[in-house]
Amino acid sequence: MESLPVMAPGGWWQRARLSRCWRVPATGFGFALFGLGGSFLSLTVFPALYFIPFKPAWRARYTRKVNAWVFRNYVRILRWLGLLSYEFHQIDQLRKPGQLIIANHPSLLDVVFLMGLTDASCVVKGSLWRNPFTAMAVRSADYISNSDPALFNRCLETLNSGQSLIIFPEGTRTKPDQPLSFHRGPSNVALSAGIAITPVVIRCEPVTLLKNQHWYEISAQPPHYTISVMPAFDTARFMPEGTLQSMAARQLTRELVAYFTRQLQKS
């Protein structure tokens with residue numbers, strides 16, 4: 001997925017795409033396209049992948065590659081419509097297997113961006129398993145439900161099998177002007193698996209597609225997304241011999257919140 005800078009005024013078509021008269025109906029079209037595209041894939045491609053007698057690991061891998069291709073092209077369409085722009089930094093790091101990738105969650109599109117950049121598994125909302133338009137996709141891709149009683153073990157199994165895993169430690173989208181608040185689950189997963197964490201810092205300026213925000217409540221200017229993959233965050237130093245994992249997880253979580261907060265405050 002290519003990176004492009006913020007759109008600059010110039011040309012009647014580009015100026016028209018910046019206007020609210022264009023962007024409100026175009027946003028509605030973008031949501032409709034996502035729903036219709038998801039419905040089509042759920043009725044055709046994903047059932048085929050789910051019922052073809054592949055090995056489960058192969059099925060999950062192919063489904064995730066389909067998802068990644070769809071999401072990459074979806075954000076390109078949104079960019080062409082003038083609804084957003086984006087840039088990426090160090091995204092090649094996401095292609096390494098066996099990573100625990102954690103990211104902040106400022107906008108609804110964060111999942112779309114990250115899943116378009118990697119074929120990792122992901123912890124997603126349990127409601128997607130009950131939605132007829134998404135159930136086949138998440139099952140075929142072997143994503144992990146956040147309501148699964150075996151959530152922790154599923155995360156460890158995914159990492160121990162050499163796959164990468166995406167977790168949004170806030171559990172939901174960030175509330176504007178509120179400090180970050182991470183759950184300790186990702187820290188416990190990293191400590192139990194004995195691996196470093198790959199932090200991904202996501203900026204969305206101006207903020208848009210917030211939790212409980214209507215789709216037509218668009219920002220004054222098209223949002224610009226910056227996806228930055230940061231150096232690996234060592235976790236072994238939090239577990240010296242004799243340290244309780246519960247204490248180590250609390251400290252690691254505090255350090256991660258402080259780290260993400262510092263990165264987001266940088267210009």
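This is a predicted model: local features need pLDDT of at least 70, side-chain atom pairs count only at pLDDT 80 or more; totals for chains, interfaces and linings use all residues.
Residues are numbered from 1 along each chain as its sequence is written, and side-chain values use heavy atoms, leaving out hydrogens and water.

**Strand 7 and its partners**
- With 6 of its 6 residues buried, strand 7 is largely enclosed by the rest of the structure (strands are DSSP E runs of at least two residues, helices H or I runs of at least four, numbered from the N terminus).
- Strand 1 pairs with strand 7 in the parallel sense over 5 bridges (pairing takes at least two DSSP bridges), and histidine 89 sits opposite serine 228.
- Strand 6 runs antiparallel to strand 7, joined by 6 bridges; valine 200 has valine 229 as its bridge partner.

**Nonpolar cores**
- The largest nonpolar core has 36 residues, and Leu109, Phe113, Leu114, Tyr143, Val200, Tyr225 and Ile227 touch the most other members (a core is a set of buried Ala, Val, Leu, Ile, Met, Phe, Trp, Tyr and Cys residues joined through side-chain atoms within 4.5 Å).
- Elements supplying at least two residues each include helix 4 (56-80), strand 6 (197-205) and strand 7 (224-229).
- Helix 5 gives the most to this core, at 5 residues.
- Another core, of 26 residues, lies apart from it, with Leu156, Val189, Val257 and Phe260 among its members.

Terms used:
Buried means under 20% relative accessible area, exposed over 50%, partly exposed in between (1.4 Å probe, protein chains only).
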